[in-house]
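I opened my notebook to record what I looked up in this structure.

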Amino acid sequence: MAIGLDEEMMALALDEARRASSWGDVPIGAVVSRDGEVLARAGNAREHDGDPTAHAEILALRAAAARVSTWHLEGCTLYVTLEPCAMCAGALVLARVDRLVFGAKDDKAGFAGSLSDLVRDPRLNHTVEVESGVLAEECGALLRAFFRERR
């Protein structure tokens, strides 16, 4: 079976999540792409950088905006291993990202369908198309293993 673009990009996000885990951060990774080209990749760096906003999604969005020299990220897809929190969901809307693809759902903090659905709220000036469950088992297993080791 041929691997699709969504799975290929999520595999890259999983690589970033593993990197984040190597320095003690929760293993979440993100990739921003446009037309199949990777614009940016990042893993969580809150512990590494001592920055509460250093979520993988935020870091990847910042790097992608720098790469294309604008905060307007129309035409882009953000791939992330875990459903975005409220801060990251808001950033996706504000950056005008077209599409969000995530792996594992986050029933406790997810704002792309679980706790709330900020990215698809029609009252906002932009909505984001959402695809969930891409490589969900691999994404979830990485997070479960990380937290199991800490208990």
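**Entry: a pair across two strands**

I looked up valine 101 and found it opposite glutamate 131 in E5. The model is a predicted one: local features need pLDDT of at least 70, side-chain atom pairs count only at pLDDT 80 or more, and totals for chains, interfaces and linings use all residues. Residues are numbered from 1 along each chain as its sequence is written, and side-chain values use heavy atoms, with hydrogens and water left out.

I noted how strands get their names: strands (E, at least two residues) and helices (H or I, at least four) are DSSP runs, numbered from the N terminus. Two strands pair if DSSP finds at least two bridges between them. E4 and E5 run parallel and are joined by 4 bridges.

I then checked what packs here. H5 packs on the sheet and touches E3 and E4. Its direction makes about 60° with that of E4. Contact means heavy atoms within 4.5 Å. Axes are lines fitted to C-alpha atoms, for helices over the stretch in contact, and angles run from 0 to 180 degrees between N-to-C directions.

In what order do the 5 strands of the open sheet lie? I read E2-E1-E3-E4-E5, with mixed pairing. E2 and strand E5 (129-132) stand at the edges with a single partner strand each, so one side of each has no neighbour in the sheet. Neighbouring strands are turned by 15° against each other on average, direction ignored. H3 also packs on the sheet, touching E1, E2 and E3. The direction of H3 makes about 145° with that of E2.

**Entry: the other pairings**

E3 and E4 pair in the parallel sense over 5 bridges. Threonine 77 stands opposite arginine 99 in E4. E1 and E2 run antiparallel, joined by 6 bridges. Here alanine 30 stands opposite alanine 42 in E2. E1 and E2 form a hairpin with 2 residues between them. In that turn, aspartate 35 has a positive phi of about 55°.

**Entry: buried or exposed?**

I wrote down the cut-offs: buried means under 20% relative accessible area, exposed over 50%, and partly exposed in between (1.4 Å probe, protein chains only). Why is E4 largely enclosed by the rest of the structure? Because 6 of the 6 residues of E4 are buried.

Glutamate 129 lies in strand E5. It counts as partly exposed because its relative accessibility is 49%. Not counting residues up to four places away in sequence, glutamate 129 touches Asp98, Arg99 and Leu100.

**Entry: helix H4**

The buried residues of H4 are Cys88, Ala89, Gly90, Ala91, Leu92 and Val93. They pack against H3, E3 and E4. Just after H4, arginine 96 takes a positive phi of about 60°.

**Entry: the core**

A nonpolar core is a set of buried Ala, Val, Leu, Ile, Met, Phe, Trp, Tyr and Cys residues joined through side-chain atoms within 4.5 Å. Which of the 45 residues in the largest nonpolar core touch the most other members? I found Val32, Leu61, Leu78, Leu92, Leu100 and Val119. Among the elements that each supply at least two residues of this core are helix H1 (5-22), helix H3 (56-68) and strand E3 (76-82).

Leaving aside neighbours within four places in sequence, valine 119 is in contact with Ala89, Leu92, Val93, Phe111, Ala112, His126, Thr127, Val128 and Val130.

**Entry: the loop between E4 and E5**

Serine 116 is found in this loop. At 32% relative accessibility, serine 116 counts as partly exposed. It touches Gly110 and Phe111, not counting residues up to four places away in sequence. Serine 116 and cysteine 85 are 31 residues apart in sequence and 9.5 Å apart in space, C-alpha to C-alpha.

Rings of Phe, Tyr and Trp (its six-membered ring) pair if their centres lie within 6.5 Å; planes under 30 degrees apart count as stacked, over 60 as edge-to-face and the rest as tilted. I counted 1 aromatic pair by this rule. Phenylalanine 146 and phenylalanine 147 form it, edge-to-face, at 5.1 Å centre to centre and 85° between the planes. Phenylalanine 146 is buried at 4% relative accessibility, whereas phenylalanine 147 is partly exposed at 35%.
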